[in-house]
Amino acid sequence: MKVKHLVALIAALGASFILLQLVVMPKLEVVMAKKNFEQGAVNGKSDLLQVIDNSSGDDKWALIQQYMIENGSDLDTTNFNVIVGDGNFYTSMVTSYPEQPDWTRDEKIKYLKDYLNGAPADGYLVRAAKQLALVYLTQGQTAEALRALEQAEQRLPRSYDNQNKELKLARARIYVNANAMDAAERLLDELSQSSIPKASYLSDNIAKLKSQIVDQRNDTASSVSGTIRRSDGTPMTGIGVFLRDSKEVYHSLTEEEPYLTMTDSEGRFSFKGVVPGSYLIYIGMNFDQIDGWTRPTQSDTEWIDLRGGEQLTRDITLQPLIQLHAPVDEQVITGKTVKFGWDAVKGAAYYNLNGTLPLKNGSVASTLKDHIESNSIELPLETLYSAASGYSYKTVGDKEVPDPTTLLGFANPSSRFSWNVEAYDANGKLLTRSSGYRLNEKTMGHLPFFYLKERTLTEADQLLLADRMDEALLAYQAAYERDEQDKHSLRMIVKLLGVKAAEKKQPLGADSVPYLEKLAGADDSGNTLSSLIDYYGRIGDWSQVDRYYSMLNEMKHGWVPSYTQAQYGRLLLKQGRFQEGVEQLRQAQANDPSNRFIGVYIASLIYMSGTLDQAEELAGLYPERSYYGQGSPDWSRLVQGMSVESQGPNKETYLSELREALRVGFSGDQHHIDDWMADAESPAMKAFIRALSEVD
Amino acid sequence: MRMKPGQEQERIRAKLEEELGELHFLKSAEVVARTHPRSLWSKLRALWNYELELPLIPIGTGLVVLLAIVLAAQLQDTADQAEPTSSLPRTERQLVVAGGNTYWKDDYERAVADVEIKNES
């Protein structure tokens, strides 16, 4: 080989190296970036972005398609990380696309805009436009959203006629939500004039939007509007707001529901032309919007009842989560008391303190102490040991048995417990709580866990933990006989007898009563007393019912749970003590947003007054809530039915017949009710008495 | 007849000249320049055409290794250029509900491990 050959060889190598740098390396980087990204490497996303930035033409569009458009959501206004309803919130869409990148709004805008400007006009362009529009809408930029959709419309060739129409429909919908009815109507008219197949997605939605416009223009129709802010005044932009009918709230949110919108740049939302009905506002947020904050709602406190013509304003204020001080971070308590402490909440009149027991897949919660007036409290461990809690079942072999760790509750020294607080104002309205989304270092705070290692397991406890429940019960009974001060054994006896009765689908039997009575004076949770009231009510020992109810009332300082109070009211009606019964039911109704006993309350009012007027009004004001659409009776309709039925010359006779029928209904005696039903002739009265006998 | 040596030489020369008279070495100058380079140009030309004996295998391997290192270093670079993020990308993260709160699973597990270490010490 000569020198010139060598030089030629080096030149060839150099050239191929340059080729490698310019052509192969970028491709290799793309492959590497994709791989890193898909494997969730630390820099996966930024590598990918760099690759997208460095590429051009078809390569670039292909990357944006694959990583941004394909997994993005197309103007789906229900697609949020967290949906918060009334008291229950659920996380949605977190892991539906495991490889879905967490693009920021700015990133989406940048790349989708590029795509919309330069990429070939096809189906992906339509999706890119819709996704870009959604990002703009979440920022309250309606005009930009409309422009993006329009741009795609203009770029699409004729062969994409259908997509073109869809884009127009999407624009019309945005106009409707922005209350620009004329513009929406123009677009819909344009669409109606073109050829659209009947009974298609397009034709259905055009019709739906048109009727929505008619509703919204109707000044006599109801409207619901408001503003969503944080408690510091920050308006929340791009929050999904969903006005959901009571018939819809038992299933998860769908795009098909009629009242879906998003807050604008000032946090405002509004629904116009809402048809009469009962509604709840659900809101949709992303993790960064909910992190460290909570929407303070409780079940059944947020219902919106529309009868037509109302202009309601419902503002929503997100509150910061309460920070817990002690016991936290798995602190071990070995003394006889435990001191709970947390941040004071401005305007709070009292706090409720809850404890939770761990389960394999979840937790069991119970109230440890309610109506605490300061932001700390020292509780005797006995209070925790006697906290009422549900119990769960676990599978042993092929059998389902009660989980002994849940039966032991806070008396189990090896369980890791947790706690939380809720703050209420003087009217009993929830202000904020300590439980919620804690997704970064600042919001995480202390972990709300602690251990109670004051007591050691007894022999009976160990039998229980070994799933030998019957032997454990005998051992607890023996231990209690040896030492009448052994409250733990006493509590466990009551609990285990309760489990046995429940397994036979029976209420607590007479064998539990001696134990319950011993426990009654010592148990400040009031659960023992409720059980005793229930027992004596069933056997008709009214003096004992009264005795234990007044003990409960005293122990709870008048804060008897509405359920127990309503049941006591029913027992009074059963005895014919109508005046007292009506009063108890009235108080229970006032404290029960679910209106569970409204039927019994209005029945007692009808009995007392001998007229239907007041009952009709109350039934309309306090509809019984239902999460299952048709589960609850429509008392308003039932009373109206009787009102119509009673008209005529025999009204007096009808009403006295009704009073007799109500007495039958109050008796709760099923045979008696069945006999009456067989003879009764007025259908509306029969329907009312049937509904009354089914209240539970 | 016998010639004198001088005469003989003369005769052969004459004969050679006569026989080779039609032949000319056209590149004589070039040949000379090649065998005995005088100018820079000719020196370079000599170098250009210098015969080399190279061990192909070691040099080839060396080049391949060098190329690999350069490429690897480059790919490493692109990975390093990206801003370091403190936590895993969100796509890889899972939520966990514990003690009534919702946490990122990795944050939660780290926090629990931290408090356990702290409580032990």
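This report describes the predicted model shown above, from chain A as a whole to selected helices and strands of chains A and B.

## Basis of the description

The model is predicted: local features need pLDDT of at least 70, side-chain atom pairs count only at pLDDT 80 or more, and totals for chains, interfaces and linings use all residues. Residues are numbered from 1 along each chain as its sequence is written, while chains are lettered from A and ligands numbered from 1 in the order in which they are written.

## Chain A overall

Chain A has 696 residues, of which 40% count as buried; a residue is buried if 20 or more other C-beta atoms lie within 10 Å of its own, exposed if 12 or fewer, and partly exposed in between, with C-beta atoms placed from the backbone. The C-alpha trace of chain A spans about 115 × 75 × 50 Å along its principal axes.

The chain contains 27 helices and 22 strands, taken as DSSP runs (helices are H or I with at least four residues, strands are E with at least two) and numbered from the N terminus. Among contacts in chain A with a separation of 6 or more, 62% are between residues 24 or more positions apart; a contact requires C-beta atoms, placed from the backbone, within 7 Å.

Helix H2 (residues 44–54) of chain A packs against H3(A) at an angle of about 150°, with the axes 8 Å apart. Axes are lines fitted to C-alpha atoms, for helices over the stretch in contact, and angles run from 0 to 180 degrees between N-to-C directions. The crossing of H2(A) and H3(A) is left-handed, a term for a near helix turned anticlockwise from the far one by less than a right angle (clockwise is right-handed). A:Leu48, A:Val51 and A:Ile52 of H2(A) meet A:Lys60, A:Leu63, A:Ile64 and A:Tyr67 of H3(A). This contact of H2(A) with H3(A) comprises 6 nonpolar, no polar and 1 charged residues; Ala, Val, Leu, Ile, Met, Phe, Trp, Tyr, Cys and Pro count as nonpolar, Asp, Glu, Lys and Arg as charged, and the others, Gly among them, as polar.

Helix H3 (residues 57–69) of chain A also meets helix H4 (residues 105–118) of chain A, their axes coming within 10 Å and crossing at roughly 130°. H3(A) is therefore oblique to H4(A); angles under 35 degrees count as roughly parallel, over 145 as roughly antiparallel, 65 to 115 as roughly perpendicular and the rest as oblique. This crossing of H3(A) and H4(A) is left-handed. A:Trp61, A:Ile64 and A:Met68 of H3(A) meet A:Lys108, A:Tyr111, A:Leu112 and A:Tyr115 of H4(A).

Strands of chain A form an open sheet of 3 strands in the order E12-E14-E17, with antiparallel pairing; two strands pair if DSSP finds at least two bridges between them. Strands E12 (324–326) and E17 (376–380) of chain A each have a single partner strand, so one side of each is left without a neighbour in the sheet. Neighbouring strands of this sheet are turned by 25° against each other on average, direction ignored. E12(A) pairs with strand E14 (residues 337–342) of chain A over 2 bridges, and A:Leu324 has A:Trp342 as its bridge partner in E14(A).

A:Gly362 belongs to strand E16 (residues 362–372) of chain A and counts as exposed, with 11 C-beta neighbours inside 10 Å.

## The hairpin of chain B

Strand E1 (residues 95–98) of chain B runs antiparallel to E2(B), joined by 4 bridges. B:Val96 has B:Tyr103 as its bridge partner in E2(B). The hairpin has 2 residues between the strands, and B:Gly99 takes a positive phi near 60°. From strand E2 (residues 101–104) of chain B, B:Asn101 and B:Tyr103 point one way and B:Thr102 and B:Trp104 the other way, and all are buried.

Conventions. Contact = placed C-beta atoms within 7 Å.
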